[in-house]
Amino acid sequence: MQERHINRKLYFEELSITSEKYIIPYIETYKKVENGLSVLEIGCGDGGNCLPFALKGCEVTGIDVNTQRISEARQSFADKGLNSRFEIDDIRNLQQSYGKFDIILCHDVIEHVDKKELLLMNISKLLNNNGIVFLAFPAWYMPFGGHQQICTNKLLSHFPWLHLLPKSMYGWVLKQKENKDCVEELLDIKRTQITIERFEKMIARDKLLDIVNRKLYLINPHYETKFGLRPRVLPKCFAKIPFFRNFLATTCFYILKNKD
């Protein structure tokens, strides 16, 4: 397990840097991020992605099912004097009313969700007529698409493509070194995996959202703050090859909007 998975302050700061440097400029290709815009992050964690939006004067709301993470988000934003809203809630079964938003963020969330079509349907419902969605996920077949980097065992956390083992074998390997909660989380991610093709087929089939833009990265922008690696977009010659591209795309950026 890397230090950032224990040191939440470091994790928060790294996310905010990546959000400011890469996510916001990508969004601004289609919609200027400015004072007064309403922004929702689904699966906000402790709010690192939201911080640059709040600093630009946006009205930020974050929801997450994790009570501890919401508590940390509230405290972090209060310490900075930012008046943002963070609520414990589940996008698949919202318990509160939030209105509609100009920008919705869904970063590294869909690969954890079983009812993906319901997630996308609710995102569509929460989006303003002229609003856009930033959605990103790691392609399942990429070296760490199973999130095995959260393992406490150093070997397992640095073992690429470990998650592609058959489920029974993968579970057995994890159980030799990891605690029950970690094993269950990683096996659950294996169950809810997402590929580029599966995601785009869902978008086309559900007919609620349109893909405005797709950007596949060979080197995830977040790796710059984590490992000092310069982000690299996946070359178009590889990005066009179905299935194979999933092995190379460490993150997939999308801009979505509601169908006209």
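Visitor: Which residues make the nonpolar surface patch of about 230 Å²?

Guide: In this predicted model, the patch is made by Phe 238, Ile 241 and Phe 244. Patches are built from residues with over 30% relative accessible area and no salt bridge, where nonpolar side chains (Val, Leu, Ile, Met, Phe, Trp, Tyr) are joined within 5 Å and like charges within 9 Å. Accessible areas come from the Shrake-Rupley method with a 1.4 Å probe, and for residues only the protein chains shown count as cover.

Guide: Before going on, note that residues are numbered from 1 along each chain as its sequence is written, and that side-chain values use heavy atoms, with hydrogens and water left out. Because the model is predicted, local features need pLDDT of at least 70 and side-chain atom pairs count only at pLDDT 80 or more, whereas totals for chains, interfaces and linings use all residues.

Visitor: Where does Phe 244 lie, and is Phe 244 buried or partly exposed?

Guide: Phe 244 lies in the loop between α10 (236-239) and β8 (251-258); helices (H or I, at least four residues) and strands (E, at least two) are DSSP runs, numbered from the N terminus. With a relative accessible area of 35%, Phe 244 is partly exposed, a class that lies between buried (under 20%) and exposed (over 50%), judged with a 1.4 Å probe and protein chains only.

Visitor: How many disulfides does a search of the whole structure find?

Guide: A disulfide is a covalent bond between the sulfur atoms of two cysteines, and the test applied here is a pair of cysteine sulfur atoms within 2.5 Å. The search finds 0 disulfides. Cys 50 is in none, since the nearest cysteine sulfur, that of Cys 44, is 5.6 Å away, and Cys 50 counts as buried at 1% relative accessibility.

Visitor: What distance separates N and O in the salt bridge of Lys 259 and Asp 210?

Guide: The distance is 2.6 Å. Lys 259 lies in the segment after β8 and Asp 210 in strand β6 (residues 209-219), so this pair ties together parts that are 49 residues apart in sequence.

How values were computed: Salt bridge = Lys/Arg side-chain N within 4 Å of Asp/Glu carboxyl O.
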